[in-house]
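Visitor: Can you walk me through this one? Keep it short, please.
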Amino acid sequence: MSQTTGAEAQSTQDADRDPERAALPRCCDTSENPAGTGDDLRSVVKQKYGEAALRVKSGGSSCCGASPSSGCADPITSNLYDASQIGQIPEEALLASLGCGNPTALAKLNTGEVVLDLGSGGGIDVLLSARRVGPNGKAYGLDMTDEMLALANENKRKSGIENVEFLKGEIENIPLPDNTADVIISNCVINLSADKGKVLREAFRVLKPGGRFAVSDVVTRGEISPEIRQSVLAWVGCVAGALEENDYRDKLARAGFEQIEIEPTRIYRAEDAREFLCGQGIDGDAVAAQVEGKILSAFIRAVKPSPCCGPTCCS
């Protein structure tokens with residue numbers, strides 16, 4: 001008797017919810033990571049982010065593909081926060097950032113709101129959000145890596161900010177009740193998930209009606225061959241796992257979101273890829289020309305609709 005694996009069972013469930021995905025050949029389903037299964041990817045991400053946290057604690061820096069000796073010339077993760085923001089947080093929170101944008105600068109956060117950061121790392125965006133929502137609000141950070149959670153809690157202690165709570169868990173299974181958060185932010189993490197559709201459905205569940213989804217992420221524009229995606233996997237999977245921008249829109253809509261917007265914040269050029277990939281021992285010249293203008297950091301907005309409150313309010 002054949003046995004169904006957990007991954008196969010999940011794939012079947014996803015196909016039942018998403019007929020268009022079921023119709024796609026496996027090689028064309030960009031929600032799947034080309035390097036292996038979801039468990040494989042999760043293990044790689046945990047290892048790399050754990051190493052990044054340890055590097056920071058030992059006085060190093062962390063960037064989206066850095067080796068322990070890297071000078072961090074990575075165009076994705078560098079120069080994202082301004083001087084006023086850097087002055088509000090412990091240095092270790094900044095050094096641990098593996099983000100591709102600055103969602104706290106672009107997201108509208110109001111006093112008293114509840115914010116959830118998916119993949120909070122060393123806590124930089126959680127701490128900045130907590131300051132903006134004030135003592136009557138709250139900022140949650142969710143991360144699956146013990147080393148990052150330890151670093152984040154240490155940064156919380158150093159900052160003296162109290163309206164912060166860091167949770168251990170996976171972004172595909174958020175450990176919070178329905179209708180908890182006013183705003184969900186994330187910084188170059190959703191693209192690392194092997195089941196992005198599930199992440200977006202979980203985000204929709206946890207948001208309050210009228211809640212806002214406001215994340216920074218890496219997306220692609222147009223066709224990128226699987227071989228090229230694999231070649232740039234050294235970019236910490238930031239590119240290899242990225243969705244095509246229209247696919248991202250579709251998955252948000254299927255999760256139930258409305259008012260979907262994708263605003264490019266950085267468009268990467270051939271020279272960006274060449275400089276970084278050559279430092280990783282990859283033939284940057286061969287790859288760079290094929291990714292010119294096709295990889296971008298973007299700010300992605302969407303809203304969870306509010307239920308109709310009466311016979312005339314939706315008209």
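This is a predicted model: local features need pLDDT of at least 70, side-chain atom pairs count only at pLDDT 80 or more; totals for chains, interfaces and linings use all residues.

Visitor: Which residues of H8 are buried?
Guide: Met148, Leu149, Leu151, Ala152, Asn155 and Ser159. They cover an arc of only 165 degrees around the axis, which puts them on the same side of H8.

Visitor: Why would residues a few places apart point the same way?
Guide: An α-helix has 3.6 residues a turn, so residues three or four places apart point the same way.

Visitor: New topic: how many aromatic pairs are there?
Guide: The count comes to two.

Visitor: Where do phenylalanine 204 and phenylalanine 257 sit in the chain?
Guide: Phenylalanine 204 is in helix H9, residues 196-206. Phenylalanine 257 is in the loop between helix H11 and strand S7.

Visitor: Is phenylalanine 257 buried or exposed?
Guide: Phenylalanine 257 is buried, with a relative accessible area of 4%. Its ring also pairs with that of phenylalanine 213. Those centres are 5.3 Å apart and the planes are at 45 degrees, so that pair is tilted.

Visitor: What does that pair tie together?
Guide: Phenylalanine 213 lies in strand S5, and phenylalanine 257 in the loop between H11 and S7. So the pair ties together parts that are 44 residues apart in sequence. Phenylalanine 213 is buried too, at a relative accessible area of 1%. Phe204, Phe213 and Phe257 form one aromatic cluster.

Visitor: What lies over the face of phenylalanine 204?
Guide: Lysine 304, at 4.9 Å from the ring centre.

Visitor: Now the strands. How many residues of S8 are buried?
Guide: Eight of the nine, so S8 is largely enclosed by the rest of the structure.

Visitor: In what sense does S8 pair with S5?
Guide: Antiparallel, over nine bridges. Phenylalanine 213 has alanine 302 in S8 as its bridge partner.

Visitor: And over how many bridges do S7 and S8 pair?
Guide: Eight, also in the antiparallel sense. Leucine 296 in S8 stands opposite isoleucine 267.

Methods: Residues are numbered from 1 along each chain as its sequence is written. Side-chain values use heavy atoms; hydrogens and water are left out. Rings of Phe, Tyr and Trp (its six-membered ring) pair if their centres lie within 6.5 Å; planes under 30 degrees apart count as stacked, over 60 as edge-to-face and the rest as tilted. Helices (H or I, at least four residues) and strands (E, at least two) are DSSP runs, numbered from the N terminus. Buried means under 20% relative accessible area, exposed over 50%, partly exposed in between (1.4 Å probe, protein chains only). A charge sits over a ring if NZ of Lys or CZ of Arg is within 6 Å of the ring centre and within 35 degrees of the ring normal. The arc is that of the directions from the helix axis to the C-beta atoms. Two strands pair if DSSP finds at least two bridges between them.
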